[in-house]
Amino acid sequence: GAHAGWAFSWPANRRLLYNRASADPQGQPWSERKRYVWWDEAQARWVGLDAPDFDSAKPPTYVPPPDATGVAAHAGYEPFIMKAEGRACLFVPAGVKDGPLPTHYEPVESPVRNPLYAEQHSPVAELFRRRENPLHAPADPRYPYVITTYRLTEQHAGGLMSRAVPWLAELQPEGFVEIGVELAREKGIAGGDWVTVSTARGEVAVRALVTDRLRALEIAGQRVHQVGLPWHFGYRGYARGAVANDLTALVGDPTVTIHEGKAFTCDIRPGRPA
C-alpha cells in the first residue's frame with residue numbers, strides 16, 4: 001500500500017485527502033505510473049493503495065437525484081467530499097474573514113518586511129493586545145531570528161501524553177533547540193551547550209542541537225537564520241525541558257483564531273539566564 005503498514009492514520013487510515021482526485025472522471029488513474037485509487041468494475045467498488053476518501057461503492061457514473069443531501073448529492077466524478085458542491089475551488093466564496101483569494105502575508109513577527117507589497121501582515125488577524133503579550137515589530141533588531149515550533153517523530157500527540165510515557169521519554173528525554181551550523185559558529189555555541197532563547201514575552205534555557213538541517217536563508221537581500229524548538233517538553237513528567245509557549249506570541253487566525261505560534265522571532269545567546 002501507501003505506507004509500511006505499522007501505523008494508523010486517523011480517522012479512517014487514509015493517507016491522502018481527496019484521493020478520488022487521483023483518478024479521472026471515469027474512475028481510471030490519470031497516470032498508470034502514479035495510480036493510487038481507482039474504480040474496479042468487476043468488484044463494483046473503489047480499490048487501490050489507500051482507503052478511498054469517497055463512498056467506496058459509488059460508481060463514477062453515479063448521478064444524484066434532485067432531492068439528495070450530504071455526500072449523496074455529490075456525483076461520482078466529484079471527489080471533494082468536504083465541499084458542499086464536491087468540487088475544488090480557486091477561491092473561497094464564503095465563510096472566511098480575510099478575503100476569497102489566497103495571498104502572502106508575513107507572520108506578525110518577522111525579521112523582514114513583506115517583499116511582495118506594503119501590507120506586512122494580515123490586517124484582520126487577532127492580535128490579543130495584552131500586557132503579557134507584547135509583540136515584536138517587523139525587523140526588530142533585538143529579535144533577529146526566525147523561530148519555529150514543531151513536533152518530534154518520537155513523541156505522541158501533545159506534550160502531556162509524551163512526557164508521561166516512559167518509552168517515549170527514553171527516545172527523547174530532554175528539550176533542545178535546533179541551531180544551524182553557521183549561526184552556532186557565529187554565536188560560539190557547540191552541540192550540547194546551554195543556550196538562552198528569548199522573546200519579549202519570556203526566555204527559556206535549553207540545550208543546543210547544532211545541525212546542518214537548518215541553513216540560513218537569503219530573503220530580500222538579507223541573511224536570515226532560523227532556530228527550531230520542539231514544544232513537547234515541560235516541567236513535569238519523565239521528559240522535561242523548556243516550555244515553548246513561554247515564548248510564543250498570541251496571534252490568531254481571523255476566522256478560527258488558531259495561533260501563529262509556529263513562526264515568530266527571537267534572540268538566542270550562549271549560556272543560561274542569570
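A salt bridge is a side-chain nitrogen of Lys or Arg within 4 Å of a carboxyl oxygen of Asp or Glu. With that in mind, look at Glu-182, Glu-218 and Arg-223, which are linked in a network of such bridges. Keep in mind as you explore that this model is predicted. A search of the whole structure finds twelve salt bridges, so let's visit a few of them.

Start with Asp-140 and Arg-142, whose side chains meet with N and O 2.8 Å apart. Are these two residues buried or exposed? Asp-140 has 10% relative accessibility and counts as buried, because buried means under 20%. Arg-142, at 55%, counts as exposed, because the cut-off for that is over 50%.

Next, find Glu-174 and Arg-207, which form a salt bridge with an N to O distance of 3.8 Å. Glu-174 sits in the loop between helix 2 (166-171) and strand 4 (176-180), while Arg-207 belongs to strand 6 (residues 202-211), so this pair ties together parts that are 33 residues apart in sequence. Both partners are partly exposed: Glu-174 at 37% relative accessibility and Arg-207 at 32%.

Another salt bridge joins Lys-187 to Asp-267, with their closest N and O atoms 4.0 Å apart. Here distant parts of the chain are linked, since Lys-187 lies in helix 3 (residues 181-187) and Asp-267 in strand 10 (residues 263-270), 80 residues apart. Lys-187 is partly exposed, with a relative accessible area of 25%.

Finally, turn to a hairpin. Strand 1 (residues 37-40) and strand 2 (residues 45-48) run antiparallel and are joined by four bridges. Val-37 stands opposite Gly-48. Four residues lie between the strands, and Ala-44 takes a positive phi near 55 degrees.

Conventions
Residues are numbered from 1 along each chain as its sequence is written. This is a predicted model: local features need pLDDT of at least 70, side-chain atom pairs count only at pLDDT 80 or more; totals for chains, interfaces and linings use all residues. Side-chain values use heavy atoms; hydrogens and water are left out. Two strands pair if DSSP finds at least two bridges between them. Helices (H or I, at least four residues) and strands (E, at least two) are DSSP runs, numbered from the N terminus. Buried means under 20% relative accessible area, exposed over 50%, partly exposed in between (1.4 Å probe, protein chains only).
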